[in-house]
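Please examine the structure below with attention to its aromatic rings and to the backbone of its loops.

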Amino acid sequence: MGHTPFGYKIKNGCAVIDEDAAAKIKLLYENYLSGMSLVKAAHEAGINTHHSTAKRIIQNPHYLGDEFYPTLIDRQTYEKAAAEIGRRSEMLGRNHQKKKFVIPAVPTRFFMAAANKQYEDPKLQAEYLYGLIESEAN
């Protein structure tokens with residue numbers, strides 16, 4: 001199964017809520033939603049950890065409860081925290097979402113006035129002809 005998430009302990013093969021750790025988890029959510037950074041919210045809740053671990057704790061779906069883990073956080077609080085993480089990430093430009101690649105439209109048709117002059121020098125003739133290109137044709 002992997003490791004037991006913070007806030008739970010295993011007794012007789014079943015996950016049960018560790019009341020001390022659960023209180024810290026709830027305080028972490030409360031602190032974060034009050035505007036604290038992830039690290040500060042964790043430290044104020046008594047969880048000495050780094051940004052990434054605090055974020056993983058907040059994003060852990062087991063806290064909503066499932067067939068093995070009892071509910072520790074209500075869905076509304078969980079979704080508010082997820083929305084706040086998204087909002088802050090977007091605000092800081094850290095959403096790391098792959099952007100849809102857009103192929104730039106390259107103009108392939110142009111309008112060119114009639115050539116009235118003829119130069120002996122091919123370079124001058126080319127410059128003259130390129131100068132007759134006026135705009136992209138529709």
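Tyr-128 counts as buried in this predicted model, because its relative accessibility of 16% falls under the 20% cut-off. The ring of Tyr-128 forms an aromatic pair with that of Tyr-119. The geometry of this pair is edge-to-face, with 5.7 Å from centre to centre and 65° between the planes.

In total, the structure holds four aromatic pairs. Another of them is formed by Tyr-8 and Tyr-63, whose rings are stacked at 5.8 Å centre to centre with 15° between the planes. Tyr-8 belongs to strand 1 (residues 8–11), whereas Tyr-63 is found in the loop between helix 3 (51–58) and helix 4 (75–91); the pair therefore ties together parts that are 55 residues apart in sequence. Both residues count as buried: Tyr-8 has a relative accessibility of 6%, and Tyr-63 one of 1%. Their rings also belong to a cluster, in which ring pairs link Tyr-8, Tyr-63, Phe-68 and Tyr-69.

The loop between strand 1 and strand 2 (14–17) contains Asn-12. Although Asn-12 is not a glycine, its phi is positive, at about 55°. In contrast to the buried Tyr-8 of strand 1, Asn-12 is exposed, with a relative accessible area of 82%.

Definitions and conventions:
Residues numbered from 1 in each chain as written. Predicted model: local features only at pLDDT ≥ 70, side-chain atom pairs only at ≥ 80, totals over all residues. Heavy atoms only, no water. Phe/Tyr/Trp six-rings, centres within 6.5 Å; stacked < 30°, edge-to-face > 60°. Helix = DSSP H or I, 4+ residues; strand = E, 2+ residues; numbered from the N terminus. Buried < 20%, exposed > 50% of the residue type's maximum accessible area, 1.4 Å probe, protein only.
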